[in-house]
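Trainee: I am new to this structure. Please show me how to read it.
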Amino acid sequence: MENRPEELVQIKASPKKPKLTLQEVRQRLSAASGKKYWRSLEELVDEPGFEELLENEFPAGAVEYQNDGVSRRNFMKLMGASMALAGMTACTRQPDEPIVPYVKQPEELIPGIPKFFATTMPFPTGAIPLLVKSNEFRPTKIEGNPQHPASHGATDVFAQASILDLYDPDRSQASSYRGEHRNWGDFHTAIDQYKVKAAASGGAGLRFLSETVTSPTLASQIQAVLKKFPAAKWYQWEPINRDSARASSQTLFGQYAEPVYKFEAANVVLSLDADFLSGSHFPGFVRYSRDFIARRKLNTDAPMNRLYVVESFSTTTGALSDNRLPMRASDIVPFAAILAGMLGGGSGAATQGISAEEQKFLEALAKDLKANPGASIVIAGDQQAPELHVLAAQINQALGNVGKTIVYSDTVELVPSDQPGGLRQLVGDMNAGKIDLLVILEGNPVYTAPVDLDFQTAMSKVATNIHLSCYRNETTRFSQWHIHGTHYLESWSDARAYDGTCSIVQPLIAPLYAGRTAHEIVALFSDNPDTTPYDALTGYWRQNGKTSGDFDSNFRKWLHDGLIPNTASAAKSLSPRGGASSVQPLDKNAIEVVFRPDPTIYDGRYTNNAWLQECPKPVLRLEWDNAAMMSLDTAATKGFNQEDIVRITVDGRTIEAPVMIVYGMPNNSITLHLGYGRAFAGRVGNGYGFNAYAIRSSKTPWIAKVDKIEKTGDTYKLAIVQNFTLIDAQGKKEYESRSVQGSEALRRDLIRVASYDEFKKNPHFAHDEYYLEDPKPHETLYTPYDYSKGYQWGMAIDMNSCVGCNACVIACQAENNSPVVGKEQVKIGRDMKWLRIDAYFTGDLHNPRAFFQPMLCQHCENAPCEPVCPVGATTHTPEGINMMVYNRCVGTRYCLNNCPYKVRRFNFLLFSDYETASLKPLRNPDVTVRSRGVMEKCTFCIQRINAARIQAEVEEVHLQQSDPNAKRTIRDGEVVTACQQACPTEAIVFGDINDANSRVAKAKGQPRNYGALTDINTRPRTTYIANVINPNMEIGDRTGAPGKSYITTGAES
Amino acid sequence: MATHGLTDLPPSQRPYLTDPPVIAPGHTFASVTEKIMRTVLTGRTPLGWIGGVLLAFGIVNILMLAFGYLFWKGTGIWGVTQPVGWGFAIVNFVWWIGIGHAGTLISAILLLLKQSWRTSINRAAEAMTLFAVMCAGMFPLVHTGRPWLACYWLFPIPLTMGVWPQFRSPLIWDVFAVSTYFTVSLLFWFTGLIPDLATLRDHAKYRITKTIYGVLAMGWRGSARHWARYETAYLLLAGLSTPLVLSVHTVVSWDFAVSVIPGWHTTIFPPYFVAGAIYSGFAMVLTLMIPIRAAYGMKDFITMRHLQNMAKVMLATGLIVAYGYFMEAFMAWYSGNRFELYTFKNRAFGPMGYFYWFLITCNIALPQLLWLRGFRNSPVLLWIMSIIVNTGMWLERFVIVVTSLHRDFLPSSWGTYKATRWDYATYVGTLGFFTMMFLLFIRVLPMISIFEVRALLPQSRINSLAQENLQ
């Protein structure tokens, strides 16, 4: 086209047009929505000043095509697309809030090459620092931030699954007042009016109820508001609120403080009902599990640590402990008191009422602890009584651990408080009618508040309730105002990790539905009601940042690195007071119920997250429900079978839940996980599970006595992924209390285990003659393939490091677009996850050991699945990867049958969701979304391998421009599979086994390295590092490995 | 008990001190032709037949519905899952193919072995084979996840993506085996039909009937030259079919034997499956022939001799199958292989153990009754036994497929299998299809080979199997 821009300027400008500004345009459009929006747009087009405005805004674009003046039609054509994208939101340009990408910053965005941005996921026990992968400016995958000390690059299940919440189609997309749609401007006006009214009384009727606030900015904003309204109050409430720990620190130190542990320095760890190895419900889990496991990898000179666990449930911590004692939660405090007496801390307590087994345990434990002064840690569980925390602190003091393996520092929340007491006070005020405005910032108190407080009724006595939340949940129904919130991936904020280190939460995408953050709501009450979160954030850190130099460049660095330096909590030098602690003992035959945070649903906030609903709970392998979990004997004594629905009465309130028998639980103790039984969670979560909050009162929030438990006569099917049924149940003495699966796993050499002493004597124990022999590689008629050249991908999984937390499982699901199939399909066995963590119970099922084996495609060099596919849809690459060609697969499922590891997953029905629009941006664009009738399995993240290969080849081309012989190979560590990247304990190592210096080659070179089922000559590329356990033989070992005389007492031959 | 001598009784009432006759005495060429032809060239279709066809057709509709829903939703409507990736579909496939083998054995192998008693059952048995193979052939196609692609990608036509099928896979061998089997059986059966079609053409009353049979009879005039060529062709085809009896089910057994799964990976499968196929095939022939000979009055041609011979073959193959079971159990122990031993223990004593014991009862225990002459002499009891054997053989495939898969190498993957209504609907649907095809066959084609039975008569002076007409 020869038209030059200048020649085309024929806009018929009428004289003296009123000038329109962008601000006016915004205003005109902001009030409109839907049809009204388009109508206003049309009106605007006719407006004389608009063309000029357009021309000024988009000069080149708008004019170039208009050789006949700006016609309305052409304008609509051009602008239609971009306006449509602006859509419901006013067509605003993003204000200048620069977000800073982390590592790979190409000069222009290359579609297909992702960028990574550092941010943080706020979490009540401590934020998880993240790097989020952004494809074409939308977040698609969450990874950890390797630079941050709180995680060293790992994540947990909640962080991995949180991205699904961003795109959840059930999210609230609009604000409302009494059910009618309102926008922010209306809310702003309402609060302005309230502020004027409330100024007189100093805000006497104003209350803020938030979740645990770990954001320094938000805390300071709220405190500024409280200064403005001195009679207003702010309460924090979460159902999993660490109240025992907080109350105990007041008793011990007269102030709020939190212990921070240094596991790498501990030789002996005693966990008193503290599940610190299975998930972020324990503060600092990601870092602690790494530090703890570092002393069990046996790749340094440091001796192996020893873990004693006394617990009232079957957790992963207990499963991999060296010595374990199941004990009712109510009995652990007296137990600890006796221990404290033996170690010199606290006052001695009488040693009556404990059994011989417990006595033996205590003596050996005390001896071990005393032998390691200053190198031990005693932890009390958060769902235990405060007295246990006091005892634990006293024991730690007596053992000299304070300052060495434990330091006390500030709590992770900025303003620690007595949360249950505060809530009680708030509800009292609400019921008395004293409150005219209650601002609920996130959370769901109607569902989670203690049932005796009856928060729902209290809300009805408040004049106006405002609820900020991402979902229209139980609390929203009783609130007048609902402000739809933002997910952390779309917000500006900040958050503290477990050790106090602050990081900035930076958005990866503009709020999808124009939601609001707590910062904006609180700001409305302040003197600067229009403060944006970004300004609040920068304002706070400008004042409080402890780094010298120019703020702006510091801020950029903080965004880039993902952490703010010098913000870790300083150690406080505190010594605990002495004094006796005791609790009311529980009768031996009474049954207790223990409330615990759900390992995948937490407190109910993730009920609508399909990945987490379908994530098997560690050790239990239960999905989609909770259950009344009890031991074998308790169920047998009461005559309950698994899946019988029982009615549990606590203090006059009842709940009905199905029985689930969990091996290793103490007798007369029932555990209920919180977070289920909701009716307003969304399409995913509604109707699953049973609401344990219905019997959770503020008097006994964690451990309560069961008044009555009886069968209702109904049953309820539970979706348990691994079939734990015993063959030969009661009656056949040999199998009475053994798991056939676990015994078989040991017999089939899937699990190879030795004690630490034996390992030191015989490092090659994993290849003893006792085990099935691996066929020699060249014992074949055929010419074997030459795998010595090029990259050969392989993986090593350290069984000793796996804590069974499931972070890798969800990471794989997120990375590879794996579908969720729903409870009915899971019950049939059609779970679609490519990676699973198998749990094998061995030994006596009243107190078993459990081994965790992550199982994924082994990429066998001699894969049984390859020769049986009739269409050749599964083949082998020269680099050793067993490929799955989705478009060739016709679905005969012979490969599924022939895989001895059963890692292949088949799309029996159309499991992938092709329809829900909001889930489409979530998917990883580098991985196919599989349709029905197609087989799938782990690919060793071949998309990541190929991305690294492309990068290497491109760089090689550039290098060869100067040096023709230059080579640029993929370096070790450049390809990290999703599972490897997520694992907190670095249990999974992947890389090129032909590279002798790679971590994976070194791992496979270890004497403990073995493959699963290698005797059938599959030659798997995924190998395992055998377990080493360190039981205190004075107590004995509970592994029950058959035939291994050096490891057990009472082993079967 | 009888006080008078045996020869005083009329021929039809004499208790035979030797085997019963192959053909009832007193027939001539004309009577044989007439009797057999009457079922085809009759103006009056029996009401029972119409009722039967309508019922079978109704069941075929269920089959169509089952397939329709299957293609609409996917194989997930069945009970297949992880780890049991194959269920009813493959069990039925193997069962139907197995049944087909009896027909070919009767037609081809017994011909080559000069067992002329085969002549009255071979036509129906071969038809049974064809229909059984048709039923069987549906399953490997529809049980795939994407049958619209499987229907041509499994054949060696490098159409899309320029790739051949993967020839190392036993499923491709199945494709060749089953298609070969069907083709050869069809040709063999049709060749055998030609002289009879000509007979029908010659006796047909209506022009349209004459034309249709005439076209199919391919101009057969019954001349000596025709007969000479015919016998050669027939023998050649029999020679081609004979190895198929052994090879087809061997290939099908390799679907299992080639895999690594304990319980599948065993070299006894080829002979064991072939024996089992003949076992179930003969049972199915009995199931079909006993009611039909009664309903259509064909007892003269399908005599007790035939039934007893088939019963004896069943007993023999049943014993081979029993040997197979025993060897599996023995080898599981003798091998010392942990996986094999567990698989066997699980098969017999695990959660699905009752299928195994039901199987042993149906396949080994009860068929021992066939040793009793009195048992073999009773058509009703033989018919019941044939149903039992067919049930047992279905269970055998079920036990092999499902119990081996549901608990294999990794204990964490142990699962279970529960058939859904669509599994049953599909299976019953194929039974309906088979019945419908068979009933149609009986109506439009002579169910007994007319010219071959005529060869049994003494008048034919070909062989002396027929009883002299004792007056």
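This is a predicted model: local features need pLDDT of at least 70, side-chain atom pairs count only at pLDDT 80 or more; totals for chains, interfaces and linings use all residues.

Trainee: How many helices and strands does chain B have?

Mentor: Helices (H or I, at least four residues) and strands (E, at least two) are DSSP runs, numbered from the N terminus. Chain B has 16 helices and zero strands.

Trainee: What radius of gyration does chain B have?

Mentor: The radius is taken over C-alpha atoms, and the globule rule is 2.2 Å times the number of residues to the power 0.38. For 471 residues, a compact globule would come near 23 Å; chain B has 24 Å, which agrees. Its C-alpha trace spans about 75 × 60 × 40 Å along the principal axes. Of its 471 residues, 58% count as buried (under 20% relative accessible area; exposed is over 50%, partly exposed in between; 1.4 Å probe, protein chains only).

Trainee: How is a pair of aromatic rings described?

Mentor: By the distance of the centres and the angle of the planes. Rings of Phe, Tyr and Trp (its six-membered ring) pair if their centres lie within 6.5 Å; planes under 30 degrees apart are stacked, over 60 edge-to-face, the rest tilted. The whole structure holds 85 aromatic pairs over all chains. One of them, Trp86(B) with Trp264(B), is stacked, at 5.7 Å centre to centre and 25° between the planes. Trp86(B) sits in the loop between helices H2 and H3 of chain B, Trp264(B) in the loop between H8 and H9, 178 residues apart. Both are buried.

Trainee: Which pair is tilted?

Mentor: Phe269(B) and Phe273(B) form a tilted pair, 5.0 Å centre to centre with 45° between the planes. They are separated by about one helical turn because they are four residues apart in helix H9 of chain B.

Trainee: How is the size of an interface often given?

Mentor: As the accessible area lost when the parts come together. That area uses a 1.4 Å probe and is summed over both parts. Chains B and A bury about 4,600 Å² between them, 54% of it on carbon and sulfur atoms. Gln82(B), Arg338(B) and Leu410(B) supply 17% of the area that chain B buries against chain A, more than any other three residues.

Definitions and conventions. Residues are numbered from 1 along each chain as its sequence is written. Chains are lettered from A and ligands numbered from 1 in the order in which they are written. Side-chain values use heavy atoms; hydrogens and water are left out. Buried area is the accessible area (1.4 Å probe) that two parts lose on being put together, summed over both.
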